[in-house]
Amino acid sequence: MEQTLSIIKPDAVAKNVVGKILSRFEDAGLRIAATKKIQLSQADAEAFYAIHAERPFFKDLVEFMISGPVVVTVLEGDSAMSKNRDLMGATNPAEAEAGTIRADFAESIDANAVHGSDSVENAVNEISFFFAQREIN
Ligand code: CMP
């Protein structure tokens, strides 16, 4: 069964919409195989987003991701990676389709409510960044 990683970002956690976002995953047929609320350190955020290290938005992205706790979740189901990306909507909430998580809960391209793995291969790496095998059930 395919798995993918979701992060509910500090803006959505602060808005108290964690349950609403997790329900969207379940309502779409995805199963929560693991979930936890954590405070990322600067080193955590820099390592997780290392692929973006050279991008102009990297510093702001890291600062934002450590501004409060996040909820990291392993989602499981048929086509979990692409299904999660459909549920999230476009990276920039201004371009996100109505009814998507980012259209409904996000404010800006930085405070965009959720992250989701962008390939099945990246999902494997992102899941192991946050979870031990015994935490995924
Ligand atoms: P995410 O899916 O978490 O991956 C990297 C994040 O960088 C992205 O969501 C956005 O929140 C943030 N970001 C800020 N500016 C940009 C940009 N111009 N292009 C892509 N991502 C951006």
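Helices (DSSP runs of H or I, at least four residues) and strands (runs of E, at least two) are numbered from the N terminus. The model is predicted: local features need pLDDT of at least 70, side-chain atom pairs count only at pLDDT 80 or more, and totals for chains, interfaces and linings use all residues. Residues are numbered from 1 along each chain as its sequence is written, and side-chain values use heavy atoms, with hydrogens and water left out.

**View 1. The largest pocket and its lining.** A pocket is an open set of points on a 1 Å grid over the protein atoms alone where a 1.4 Å probe fits, with protein on both sides within 12 Å along at least five of seven lines; lining residues have an atom within 4 Å of a point. The volume of the largest pocket is about 620 Å³. Its lining holds 25 residues, and Tyr 49, His 52, Leu 61, His 115 and Asp 118 lie nearest the centre. At least two lining residues come from each of α3 (42-48), α5 (80-88), β4 (114-116) and α7 (120-130). With four residues, α7 gives the most.

**View 2. The ligand and the residues around it.** The ligand sits in the largest pocket, in that more than half of its atoms lie within 2 Å of the grid points. Residues around the ligand (a heavy atom within 4 Å) include Lys 9, Phe 57, Thr 91, Arg 102 and Asp 110.

View 3. A polar contact here is a pair of N or O atoms within 3.5 Å. The side chain of Tyr 49 has an N or O atom 2.6 Å from an oxygen atom of the ligand. For Ile 109, a backbone N or O atom lies 2.6 Å from a ligand oxygen. Asn 112 places a polar side-chain atom 3.2 Å from an oxygen atom of the ligand.

Notes: A polar contact is a pair of N or O atoms within 3.5 Å; within protein, one must be able to donate a hydrogen and the other to accept it, and residues adjacent in sequence count only if both atoms are side-chain atoms. Grid points are joined across faces, edges and corners, and a volume is the space filled by probe spheres set on the points.
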